[in-house]
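This report describes how the parts of a model are arranged and where they meet. The sequence and structure are shown first.

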Amino acid sequence: MISWYVTQASSYAADVDDLFLLIALIVGAFFLAAEFVLLWLIVKFRARPGVKARYITGEKTSETRWVNYPHYLVLVFDILIVAAALRVWSEVKIDLPPAEERVRIIAQQWAWTFVHAGPDGKLDTADDIRTVNVLNLQVNRLYHYELHSKDVLHSFSVPAFRLKQDAVPGRAIVGWFRPTVIGEFDLQCAEICGIGHGLMPGRVRIRSAGAHAAWMEMAPRMPQLASVTPAMPATGAPASFAARAASVEASAERERGNR
Amino acid sequence: MSELAVHPAGHHDQGFVKTYLWSTDHKVIAMQYLFTGMLMALIGGFAVYVFRMQLAFPGQSVPLFGRVSAGQYNSLVTMHGTIMIFWVAMPVLLAAFGNYLIPLMLGCDDMVFPKVNRLSYQIFLLSAVVLVASFVVPGGAFGGAWTAYPPLSANAVYNLTRYGATVWVVAVALEFVAFLLGGINFVTTAMNSRAPGMRMFDVPIVVWMIVIASILFMASVGPLLAGAAMLFFDQVLGTGFYDPATGGDPILWQHLFWFFGHPEVYVVLLPAMGIVAEIIPVFSRKKLFGYRTIVYTAVATGVISFFVWAHHQFVAGIDPRMASLFTITTLIISVPIAEMLFVYIATLYGGSITLTTPMLWALSFVAEFLLGGVTGIFLGAAGADIYLHDTYFVLAHFHYTFFPIAIIGAFAGITFWFPKMFGRMMDERLGKIHFWVTIIAFNFIFIPLFMTGAAGDHRRIFDYSGFPDLATPGLQRLRIIATMGLVSLLAVQPVFFFNFIRSMVRGRVAGANPWRANTLEWSAPSPPPHGNFAELPEVYRGPYEYSTEDREEDFWPQHVPDDSPAPAPAATAVGWR
């Protein structure tokens, strides 16, 4: 159902969508059945003159089974959903298939920096390519990402990949994805990260092998900036604080004015 | 308690301040909590009006507010969440109904610690003032969401609200202290002050629920209070509990927050469930189906709720293997909750149902909460949560739980106990207009938001125009429908306030027991005087003996001895049928 809205652009996107569909069918059936019974009882047992309600304690086995059987059914379906959910979870978040390339993602207030391995396929070499807010990928290549944050929590989210992972300062979090569709998709920060939270949209550009190689030829090299510096929070100097607050509000206003 | 019960009713002449502001009477304190909660709901409602207008019509001036900046948007979102949970749901459901109902339903004259009770409200009022004050401090109110994750919340250089974040932490901590004091009172009173003859399984369900909720709150809030103190030190003293640069860990806060935060969901859910459990038997003239089952499932829910917190953190950077454990516990908690809803539905079977306004609210609680419950399964299932986490799907899910709890539950309780509180009936016609518009508008808000969430709308974004996949006319149309739903919902609330105030002054006189109900509060005069009962009642049976087979009357109050004739219906009934 999610694919009605968002392209399935990674190897595991369809599995996440199938899980969503499975849950939707199970809980949808339960939901409709419960609502139907509720409405039916309300209509059927409306007060009528001269008809007294029945005295049912709900403590006898013959009575409780009407509640218990649906209740056991809930448990059975819970187990089914747990199994399906953990299979998908394990595929996306626990398994780590061997990488063909590694990409470093650095989140900060309020921009994304991507360090691509460049033509040699290795990070931290002279041909690394560093971009801001655009992640460049080659289709059908298995990437490991290495996620950093320079300041506060952010969340690396690519809906088309069905992937989301928080970036935590002080940690390098590793995961994987394999893009399967050529195209361009939204990249979001999904964890509130301050005033500019809505102003850090990124894009994922997925190209064929040839087009990706051509892009690498054209891209500027900035290896000296590729290393991650640990977050150094300024300790609340009032002057810098005020200046920063003013400039952020001003840039937010400019952004709005430009539209 | 009985020696305290000799206050002669109505003999006090203490002046306005002593009677209404400095009172130790549980009913006055309950009203103080109720009215403070309603006032805060207006502030929370105004906040959501402003930011939903911004989402529907980005960049345009919002009537009564003006243009919304990104910083203001974050502050409004944060304040809406904080206020609605801590300053509306908690005081109205737990404190107002708890204070009002526990002594009356247990048949005693007041809480066991009346002065602690008064102190609880005074600290709560102070916390509300502190929170509202954060709107006017330099830099504005805190804008890091109601979950206040550090490092954003811990350092003004990141959140850019120099004082707002600190004021927020102080207000929340004060509020917790207030509810700790209240909780001690609720639990002690229920244990010690039951009327003679009332066994634990003769206690009305709503009292059970409020007591269990209070225990949950007291058991879970300690870690968060400690966490709030550390956050305060990080902000003010420059310590580094949550700062990785000095060896701290930002994820620590998330554990402390959600270890409290998930039981907190049940802290407000259980009282609402209890209110519904009181209303459904009265208006279907039926004994509650499986009384003990409800008590056991509530206890089970409470226990399990301590083991589910990390489902808020699946993608937060915790060890991914932990997700297996928390997926299992999260889905397991659906079992007792589903059981409770099934029991409520089963109670209707064979009943004689009258759709009064309180009954409509109670039934709609079940109908709407079902959708909130089943959509939680998507989010508890770790694999699906990868996609849905921090989207509007989550937001729509928890509004389908919290709106039934905090709004529908509160309206159900207020319309049901209004005759007891003020001695007069509310207007049924206005009540039903208010009910139907509110319920329909509510669904128009959140069904579209399930769709935008499934389409990838992430939360707390003040403007989607930077996201080409999200800035589509189709999704914008859904956002506008949601905002229109919200505006209709807010627009109909004056009907309720008008009905409330007019009925208080000019409503039909109710009598002691207008709904022909069984529980003890209906044996006291309406409104009950200081000291509640002219003569403390004794209890002879459970609270839900409706339509028993060998009696002509279809109700059998708890305080009526077995051999005496039933009270004459004409004396008490005011013709709600």
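At what angle do helix 2 of chain A and helix 11 of chain B pack, and how far apart are their axes? In this predicted model, the two helices pack at an angle of about 155 degrees, and their axes are 10 Å apart. Because angles over 145 degrees count as roughly antiparallel, helix 2 of chain A is roughly antiparallel to helix 11 of chain B. The crossing of helix 2 of chain A and helix 11 of chain B is right-handed.

On the side of helix 2 of chain A, the residues that meet helix 11 of chain B are Trp66(A), Val67(A), Pro70(A), His71(A), Val74(A), Leu75(A) and Asp78(A). Helix 11 of chain B contributes Ser334(B), Val335(B), Ala338(B), Glu339(B), Phe342(B), Val343(B) and Ala346(B). By class, this contact between helix 2 of chain A and helix 11 of chain B has 10 nonpolar, 2 polar and 2 charged residues.

The contact between the chains as a whole involves 92 residues from chain A and 93 residues from chain B. Elements of chain A that each supply at least two residues to the side touching chain B include helix 1 (13-44), helix 2 (61-94) and helix 4 (238-258), together with strand 6 (154-158), strand 7 (163-167) and strand 9 (183-189). Helix 2 of chain A gives the largest share of that side, 17 residues.

Within chain A, the domain assignment gives domain 1 (2-94) and domain 2 (101-226). The C-alpha centres of these two domains of chain A lie 39 Å apart. Their contact takes 10 residues from domain 1 of chain A and 14 residues from domain 2 of chain A. On the side of domain 1 of chain A that touches domain 2 of chain A, helix 1 and helix 2 of chain A are the elements that give two or more residues.

The table sets out the residue classes of two contact sides.

| Domain 1 of chain A, touching domain 2 of chain A | 6 residues | 3 residues | 1 residue |

Chain A also has an open sheet of 5 strands in the order 3-2-1-5-8, with mixed pairing. Its edge strands, each pairing on one side only, are strand 3 (129-132) and strand 8 (173-177) of chain A. From one strand to the next, the twist averages 25 degrees. Strand 5 (residues 143-149) of chain A runs antiparallel to strand 8 of chain A and is joined to that strand by 5 bridges. Tyr145(A) stands opposite Gly175(A) in strand 8 of chain A.

Note on methods
Residues numbered from 1 in each chain as written. Chains lettered and ligands numbered in written order. Predicted model: local features only at pLDDT ≥ 70, side-chain atom pairs only at ≥ 80, totals over all residues. Contact = placed C-beta atoms within 7 Å. Helix = DSSP H or I, 4+ residues; strand = E, 2+ residues; numbered from the N terminus. Domains from an automatic or database assignment. Nonpolar A, V, L, I, M, F, W, Y, C, P; charged D, E, K, R; others polar. Pairing = 2+ DSSP bridges. Axes fitted to C-alpha atoms, helices over the stretch in contact; angles between N-to-C directions. Parallel < 35°, antiparallel > 145°, perpendicular 65-115°, else oblique. Left-handed = near helix turned anticlockwise from the far one by under 90°.
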